Amino acid sequence: YKFRPPRYYRGPLHPHQPPPPSSPNSRLFVPGPFSLPRLQQTYTSTLAPDLLSLLYTHHPPGTLPGPAGQRLRGWDNTSPYHKNRPLRGPRGRPTLPLMKRPMTFRNIPRLEKIVVHHVIRSPDDRDSSYLHVAGMILQAVTNVRATVCKARHSIANFKMAKDKTAMAVKAELKGEDMYCFLSKVVDVVMPRIKEYRGVSGGSGDGSGNLAFGLQPSAVGMFPEVEVNYDMYPPKMIPSIDVMVCTTATNDRDARLLLSSMGIPFHGKHVN
């Protein structure tokens, strides 16, 4: 057992322990990556230092940062029921926004994951053929096997049965697949869309996650779909929604990260 890992894991107290997955002797060892995506190299060498310079706030030695804004609201004591009540949330939103920490080299905004999904909106389109075509295109475009999302509730008017009716297909991208997909969207698909204005400036959720959509005509511009365009029925090519999750804590920093990678934005920017 010194040079060959055991076939089964028998617990942490067994004298024969398998090697870690990073070891070449492990049964779970996956070699690679052998090369970094070009977008990831650009982020590491150029974009990360530029983002740190743009978002950094310098406080000279011996000075304290300014007072922080009020996150929770108190009560004005106009009613006896206000006594000993907990503080209230901020106005205009049900939850507290994420706190913005001082920008350092440790928390530069970066991509965390990308979720690509297609929702079957009409009950007539929930045929297995539509689902298979959408899953095949998502797998070809993202290099990740698509998973089927079932209905969470039963609604008779919409012909939905809980845990039985297929509602959507999605693919979650991380690492090399994430950077390769985003570079294809920025360099190949978006420049070919006619009169494309860009992503809406108010598409964020307030916590550093941005979303945008691509129509079926734009999905057909991916190289993987275009080279085998005759294999897919034209009326079954799906539209996809792309959710970009970043480590930023607000939409401004996330929008700055994605705009530096080449995604255009239009309209009023909502932070």
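This is a predicted model: local features need pLDDT of at least 70, side-chain atom pairs count only at pLDDT 80 or more; totals for chains, interfaces and linings use all residues.
Residues are numbered from 1 along each chain as its sequence is written, and side-chain values use heavy atoms, with hydrogens and water left out.

The largest nonpolar core contains 52 residues. Such a core is a set of buried Ala, Val, Leu, Ile, Met, Phe, Trp, Tyr and Cys residues joined through side-chain atoms within 4.5 Å; buried denotes a relative accessible area under 20%, exposed over 50%, and partly exposed a value in between (1.4 Å probe, protein chains only). The members that touch the most other members are Leu111, Ile114, Phe181, Phe212, Phe222 and Ile263. The element giving the most to this core is helix 3 (residues 176-189), with seven residues. Helices (H or I, at least four residues) and strands (E, at least two) are DSSP runs, numbered from the N terminus. In soluble globular proteins, nonpolar side chains tend to be buried together. When neighbours within four places in sequence are left aside, Ile263 is in contact (heavy atoms within 4.5 Å) with Leu182, Val186, Met190, Val199, Phe212 and Leu258.

Helix 6 spans residues 251-260, and its buried residues are Asp251, Asp253, Ala254, Arg255, Leu257 and Leu258. The cover over these buried residues includes helix 1 (38-55), strand 1 (111-119), strand 5 (209-214), strand 6 (240-246) and strand 7 (265-266). At the start of helix 6, a side-chain oxygen of Asn250 comes to within 3.4 Å of the backbone nitrogen of Arg252. Just after helix 6, Gly262 adopts a positive phi of about 115°.

The largest pocket holds about 680 Å³ of space. Of the 27 residues that line this pocket, Ala68, Met99, Lys100, Arg101 and Pro102 are the closest to its centre. On a 1 Å grid over the protein atoms alone, a pocket is an open set of points where a 1.4 Å probe fits, with protein on both sides within 12 Å along at least five of seven lines, and lining residues have an atom within 4 Å of a point. Grid points are joined across faces, edges and corners, and the volume is the space filled by probe spheres set on the points. The lining comprises 11 nonpolar, 10 polar and six charged residues, where Ala, Val, Leu, Ile, Met, Phe, Trp, Tyr, Cys and Pro count as nonpolar, Asp, Glu, Lys and Arg as charged, and the others, Gly among them, as polar.

Most residues other than glycine have a negative phi. Asn77, which is not a glycine, has a positive phi of about 60°. Asn77 is placed in the loop between helix 1 and strand 1 and is exposed, with a relative accessible area of 61%. Glu195 likewise has a positive phi, near 55°; this residue is located in the loop between helix 3 and strand 4 (199-200) and is exposed, at a relative accessible area of 80%.

The loop between helix 1 and strand 1 also contains Gly74, which is partly exposed with a relative accessible area of 30%. Beyond four places in sequence, Gly74 touches Leu87 and Arg88.

In the segment before helix 1, Pro5 is buried at a relative accessible area of 10%. With residues up to four places away excluded, Pro5 touches Pro19, Asn25 and Arg27. His14 lies in the segment before helix 1 and is partly exposed, with a relative accessible area of 27%. A polar atom of the His14 side chain lies 3.2 Å from the backbone nitrogen of His16.

Pro223 belongs to helix 5 (residues 223-226) and counts as partly exposed at 35% relative accessibility. Residues up to four places away aside, Pro223 touches Lys184 and Val188.

Terms used: A polar contact is a pair of N or O atoms within 3.5 Å; within protein, one must be able to donate a hydrogen and the other to accept it, and residues adjacent in sequence count only if both atoms are side-chain atoms.
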